[in-house]
Amino acid sequence: MSDQVFDLTIIGSGPGGYVCAIRAAQLGMKVAVVEKRKTHGGTCLNVGCIPSKALLHASELFDEANHGMAKLGIKVKPELDLPAMMKHKTDTIDGNVSGIEFLFKKNKITAFHGMGKISKAGEVTVTADDGKTTTLKSKNICIATGSDVAQIPGIEIDEKTVVSSTGALELGKVPDHMVVVGAGVIGLELGSVWRRLGAKVTVVEFLDRILPGMDTEVATQFQKILKKQGIEFKLGSKVTGVEKAKSAKGKTKVTIEPRDGGDAEVIETNSVLVAIGRVPFTEGLGLEDLGVAKDNRGRISVDEKFQTNVPGIFAIGDVIEGAMLAHKAEEEGVALAENLAGQAGHVNYNLIPGVVYTYPEVATVGKTEEELKEEGRDYVSGKFPFMANGRAKANNQTDGFVKVLADKKTDRVLGVHIVGPMAGEMIGEATVLMEFGGSAEDLARTCHAHPTLTEAIKEAALATDKRTIHM
Ligand code: FAD
Ligand code: NAI
């Protein structure tokens, strides 16, 4: 047991925690980070964003070699080497997590491995794996403990047959059939990975649509494209039971019922992915004893400066309200560090882009058309399909469209929604424009290199004024 004194102690080294630590150190604070996992980087680097993108990229190339290259005059018959693909994923994780360790050293951040508990305001106890404890005194404490998988009552996740995203990133062989519960981001990304590698994929979704919260027109078009790729959807349905196979060769029986009543159906499968959302993770922090307030969804309540109801204790990232996204957590980490240093840290929650890294990608920023209607906002919509974009045609990647939504009176861009190739890269242009309060006319009058996919954004902006050139 020893006492060490810090300006800021952060519990959790995910994108929220590690970015907050680096920014605080840059601003001259003495910073400690406490992490229970063996490596830094949190969900995102270890079992989330990074490994999923490694598999999405590799499986997309495999699918392209299988189904897309012949049309471009390249005859290949690819063979899947799943262990090598998994090694690529593991190497990607290792490279990224060791990068964080390097950044901590570079910024003179002290890292403690172990379970962090706030024993009282101004004090964190770290319990290492061997049971040894260290007490840290800290002027400020930041909770950045992230989130965990949401479970379906009565359905046990064993990470072998019934998996969460973590197990789905580690399957040792391609399942014949994967039933995915939840048509959200994880279900569609990881469902796509295993479909491309050869599995039959059935997605069961409680609502009547996929990707709730995203622009409906984009989600509807995206579902059609995924269906064309071979993913089967059962919307308005729920999984009510999973009976696990009795032997390695046996099948697992998944019972699916229509949400609004009707006959149940049983699907025999050998893999079930539960992807119905994530829940804030606060276990073991001692928040109840401290009286730290949470909302009705278990998220830590904070004010506009990320402070909880207990002075000196702050929270950021997945553990508080808002989109559970790495870049949202990062922005909050920077804003908190700057606030603690007496600066005016700020997060623009209206402009947090969202990307689904499938093929094609879905990318969105700002208001959806449904949100604008609900607000009673007078808006114009301009749409342009990739089918009419020269580069998309040259690449044989013509699925999807760009939609620009702008205020009818002021022409200010309110939302941009893309389903199409490289949408996740293209959304950056729209985000910068919107951050500066730009108009559809600004976008339309900006010279875009030819031939690029981004010309579809310019054309969609022109379409808000019914003056597209290529349609
Ligand atoms: P986390 O990254 O969850 O980090 C919290 C850390 O705190 C963990 O390392 C945990 O071990 C540690 N911890 C918890 N309690 C304690 C304790 N008491 N003591 C010590 N340490 C503790 N987001 C995107 O923006 N883009 C994507 O492409 C994307 N892909 C994803 C794919 C998957 C499969 C998943 C599951 C998520 C994905 N996300 C993605 C979401 C993203 O991972 C999270 O939004 C992000 O990691 C949240 O960051 P955080 O810092 O709040 O928490
Ligand atoms: P999600 O919230 O995106 O989707 C969950 C889906 O499951 C919803 O469509 C919901 O209606 C459905 N659902 C809920 N209960 C159900 C039930 N009992 N039966 C059938 N369907 C049910 O959650 P998901 O996909 O698990 O992802 C968790 C978080 O991780 C998200 O908040 C997301 O932001 C983040 N993430 C982000 C990624 C990205 O940015 N590319 C990639 C992966 C995850």
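Biologist: Which polar backbone atom is 3.2 Å from a nitrogen atom of ligand 2?
Modeller: That backbone atom belongs to Phe206, and please keep in mind that we are looking at a predicted model, in which the distance of 3.2 Å separates a polar backbone atom of Phe206 from a nitrogen atom of ligand 2.

Biologist: And what about the oxygen atoms of ligand 2, what do they sit by?
Modeller: An oxygen atom of ligand 2 lies 2.9 Å from a backbone N or O atom of Gly277, and an oxygen atom of the ligand is also 3.3 Å from a polar backbone atom of Val185.

Biologist: How much of ligand 2 does the protein cover?
Modeller: On its own ligand 2 has 850 Å² of accessible area, and the protein covers 77% of that.

Biologist: What sort of residues make up the shell around it?
Modeller: The shell around ligand 2 holds 14 nonpolar, 3 polar and 4 charged residues, and of the 21 residues there, those that come nearest are Ile186, Glu189, Glu205, Gly277 and Val355. Helix 6, which spans residues 185–196, gives the largest share of the shell, with 3 residues.

Biologist: Changing topic, is Asp407 buried or exposed?
Modeller: Asp407 has 10% relative accessibility, so it counts as buried, the cut-off for buried being under 20%. Asp407 is part of strand 21, residues 401–407.

Biologist: Which backbone nitrogen does its side chain reach?
Modeller: The side chain of Asp407 reaches the backbone nitrogen of Lys409, at 2.9 Å. Beyond neighbours within four places in sequence, the contacts of Asp407 include Arg377, Tyr379 and Arg412.

Methods
Residues are numbered from 1 along each chain as its sequence is written. Chains are lettered from A and ligands numbered from 1 in the order in which they are written. This is a predicted model: local features need pLDDT of at least 70, side-chain atom pairs count only at pLDDT 80 or more; totals for chains, interfaces and linings use all residues. Side-chain values use heavy atoms; hydrogens and water are left out. A residue is near a molecule or strand if one of its heavy atoms lies within 4 Å of it. A polar contact is a pair of N or O atoms within 3.5 Å; within protein, one must be able to donate a hydrogen and the other to accept it, and residues adjacent in sequence count only if both atoms are side-chain atoms. Accessible areas come from the Shrake-Rupley method with a 1.4 Å probe; for residues, only the protein chains shown count as cover. Helices (H or I, at least four residues) and strands (E, at least two) are DSSP runs, numbered from the N terminus. Ala, Val, Leu, Ile, Met, Phe, Trp, Tyr, Cys and Pro count as nonpolar, Asp, Glu, Lys and Arg as charged, and the others, Gly among them, as polar. Buried means under 20% relative accessible area, exposed over 50%, partly exposed in between (1.4 Å probe, protein chains only). Contact means heavy atoms within 4.5 Å.
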